[in-house]
Amino acid sequence: MSEERTRWNVAQLLKEPIGATRSYDVLATTVLQGEADVSQITPLTGQIALLRTNLGILVEGALEGVVSVECSRCLRPVTLPVSIGLEEEFKPTVDVLRGTYLAVDEEDAALLIDEHHILDITEVLRQAILLEVPMQVLCRPDCAGFCQICGIDLNEGPCDCEPAESDPRWAQLSALLEDTST
């Protein structure tokens, strides 16, 4: 298995003038480790470009991979391709020339270059994947889900349960629906 490539020492780039660039291949295999709802099936791969700015380093790139999530109705695993466009500016916490700590007002710790001048995109990728995955995923458009009474998977066949009685508190709203359907 290939080595994870989501961290780079950017000390030399921070010493260079504004506009200097570097390009790197990304291989992220453990970005979603510990996530309960989404798991990584294939590594996230692609290329990024690092651009020296007046405040730090701008990271731009495009990455692709495959993740697995649960169907919202029947809980079966669903495989989804993900494509991530990355554009984030990372700021140093230590002056690379003097070795002094810099005052950083960045609220997002994931966008900070650490005291050893290591730029790590792992957390940014994790957040981007979680934003890329739809909130409600279905294994198929006509997924029937589970019976609310007995819990049987209705995709495998119907159950023998009687339909649940509707809550009388919703009767007036049901009447409105009946009026609009005629």
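These legends describe close-up views of side-chain contacts in a predicted model. Local features need pLDDT of at least 70 and side-chain atom pairs count only at pLDDT 80 or more, while totals for chains, interfaces and linings use all residues. Residues are numbered from 1 along each chain as its sequence is written, and side-chain values use heavy atoms, with hydrogens and water left out.

**View 1. Trp-8 and Tyr-24 form a stacked aromatic pair.**
A search of the whole structure finds one aromatic pair. In this pair, Trp-8 and Tyr-24 lie 5.2 Å centre to centre, with 25° between the planes. Rings of Phe, Tyr and Trp (its six-membered ring) pair if their centres lie within 6.5 Å; planes under 30 degrees apart count as stacked, over 60 as edge-to-face and the rest as tilted. The pair links distant parts of the chain: Trp-8 is in strand E1 (residues 7-9) and Tyr-24 in strand E2 (residues 21-28), 16 residues apart. Helices (H or I, at least four residues) and strands (E, at least two) are DSSP runs, numbered from the N terminus. Trp-8 is buried at 9% relative accessibility. Tyr-24 is partly exposed at 23%. Buried means under 20% relative accessible area, exposed over 50%, and partly exposed in between (1.4 Å probe, protein chains only).

**View 2. Cys-143 and Cys-74 are too far apart for a bond.**
The closest cysteine sulfur to that of Cys-143 belongs to Cys-74, 3.7 Å away. A disulfide is a pair of cysteine sulfur atoms within 2.5 Å. By this rule the count is zero disulfides. Cys-150 is in no disulfide either; its nearest cysteine sulfur, that of Cys-161, is 3.6 Å away. Cys-143 is buried at 4% relative accessibility, whereas Cys-150 is partly exposed at 44%.

A salt bridge is a side-chain nitrogen of Lys or Arg within 4 Å of a carboxyl oxygen of Asp or Glu. The structure holds eight salt bridges.

**View 3. Arg-76, Asp-153 and Glu-156 are linked in a network of salt bridges.**
The closest N and O atoms of Arg-76 and Glu-156 are 3.4 Å apart. These two residues sit 80 residues apart, in distant parts of the chain. Arg-76 lies in the loop between strand E4 (57-70) and strand E5 (77-92). Glu-156 lies in the loop between helix H2 (122-132) and helix H3 (171-181). Arg-76 is partly exposed at 28%, and Glu-156 is exposed at 64%.
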